[in-house]
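The entries are kept brief.

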Amino acid sequence: MKQNFYSNGKLLITGEYAVLDGAKAFAMPTKYGQSLSVLENKSKQIRWISLDEKNEVWFESIYDLESMVQISSNNSEISKTLLGIFVEAQKLNPNFLKNGSGFEVETKLTFPKEWGLGTSSTLIYNIAQWANVSPYKLLDSTFGGSGYDIACAMNNFPILYEIENGKPIVEQIHFEATFKDQLYFIYLNKKQNSREAIKKYYGEEFDRKELSKTISQITNSMITSTSINDFELLMSRHENEISKALKIPPIKTRLFSNYPRAIKSLGAWGGDFILAAGDESSIEFFYEKGYKTIISFSDMIL
């Protein structure tokens, strides 16, 4: 019998970094994601293959099911990480991988993995579903992070996300902004390492409680904005607050100072996607600068 699982990708609209300190974050699942299919067999092995958005193999590995040792792989680093996820999943559910005599596993991304929409988080959520364990606990024992990406993986609506007493609180919301057609996501042609970015955040000294409070206020205002002008002011305010904390100039100052509308970093600063306000003609600005991946709100957000 074949089992099929699917996880949504994610974008963090507000709360980057500060969500780790309890700030209320605004996040959205994307129309892009990752599937995982599992077919039991009698091979006494786990035969794993990962396909990209072009249906091309980007990772494959074979493990001995009994000893949980790698037999072969085209990428030993990724293979080691995957084995670690299996081990942690078994700690949460000792019966995981014990009831079958072999497994053929295939994952399939619907977005380029360098986009940063959640290659790792969608994998964690899919494996957690397969293993019947808590995805938040599995994330915590493997990649770490706030867990907002796990919440996006399992929700088909925009969410408010915050961590209270170490536990995630997720609230589905309806973001009914009439100006959605003036919001675009632009890929900066560079994948950012989230763990390194978080490490830098924790290396800075500032009032974390105050930042968390301010970002939560901006989040609450953003999700209820009724005009693009107000939304853009909040985008810029959020950028300035995180800029002060990280001691890094906002992305608009660094790369797009002559763009007339608001720009906001998303997730780990310096890479992945940015959110830009504009229309089809003004957004050409980014294309002319060499940023060819420009996705409208309606094409990106689930």
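The entries below take the conventions first, then the cores, then the salt bridges.

**Conventions.** I worked from a predicted model, in which local features need pLDDT of at least 70 and side-chain atom pairs count only at pLDDT 80 or more, while totals for chains, interfaces and linings use all residues. Residues are numbered from 1 along each chain as its sequence is written, and side-chain values use heavy atoms, with hydrogens and water left out.

**Nonpolar cores.** I looked for sets of buried Ala, Val, Leu, Ile, Met, Phe, Trp, Tyr and Cys residues joined through side-chain atoms within 4.5 Å. Buried here means under 20% relative accessible area, exposed over 50%, and partly exposed in between (1.4 Å probe, protein chains only). The largest core holds 44 residues, and Leu11, Phe185 and Phe273 touch the most other members. I then listed the elements that give two or more residues to this core: strand 1 (2-14), strand 2 (25-40), strand 9 (183-187), helix 5 (194-203), helix 6 (208-222), helix 7 (228-246), strand 11 (273-277) and helix 10 (297-300). Helices (H or I, at least four residues) and strands (E, at least two) are DSSP runs, numbered from the N terminus. Helix 7 supplies the largest share of this core, with seven residues. I also noted a second, separate core of 31 residues, including Met68, Val133, Leu138 and Ala153.

**Salt bridges.** I counted five salt bridges, taking each as a side-chain nitrogen of Lys or Arg within 4 Å of a carboxyl oxygen of Asp or Glu.

Arginine 261 pairs with glutamate 232, the closest N and O atoms being 2.8 Å apart. This pair links distant parts of the chain, 29 residues apart: arginine 261 is in the loop between helix 8 (251-255) and strand 10 (263-265), and glutamate 232 is in helix 7. Glutamate 232 is buried, at 10% relative accessibility.

Helix 7 also holds glutamate 241 and lysine 244, three residues apart and thus separated by about one helical turn. Their closest N and O atoms are 3.7 Å apart in the salt bridge. Glutamate 241 is buried at 18% relative accessibility, whereas lysine 244 is exposed at 58%.

In helix 1 (residues 76-92), I found lysine 91 and glutamate 88 three residues apart, about one turn of the helix. They form a salt bridge with closest N and O atoms 3.2 Å apart. Lysine 91 is exposed, at 59% relative accessible area, and glutamate 88 is buried, at 18%.
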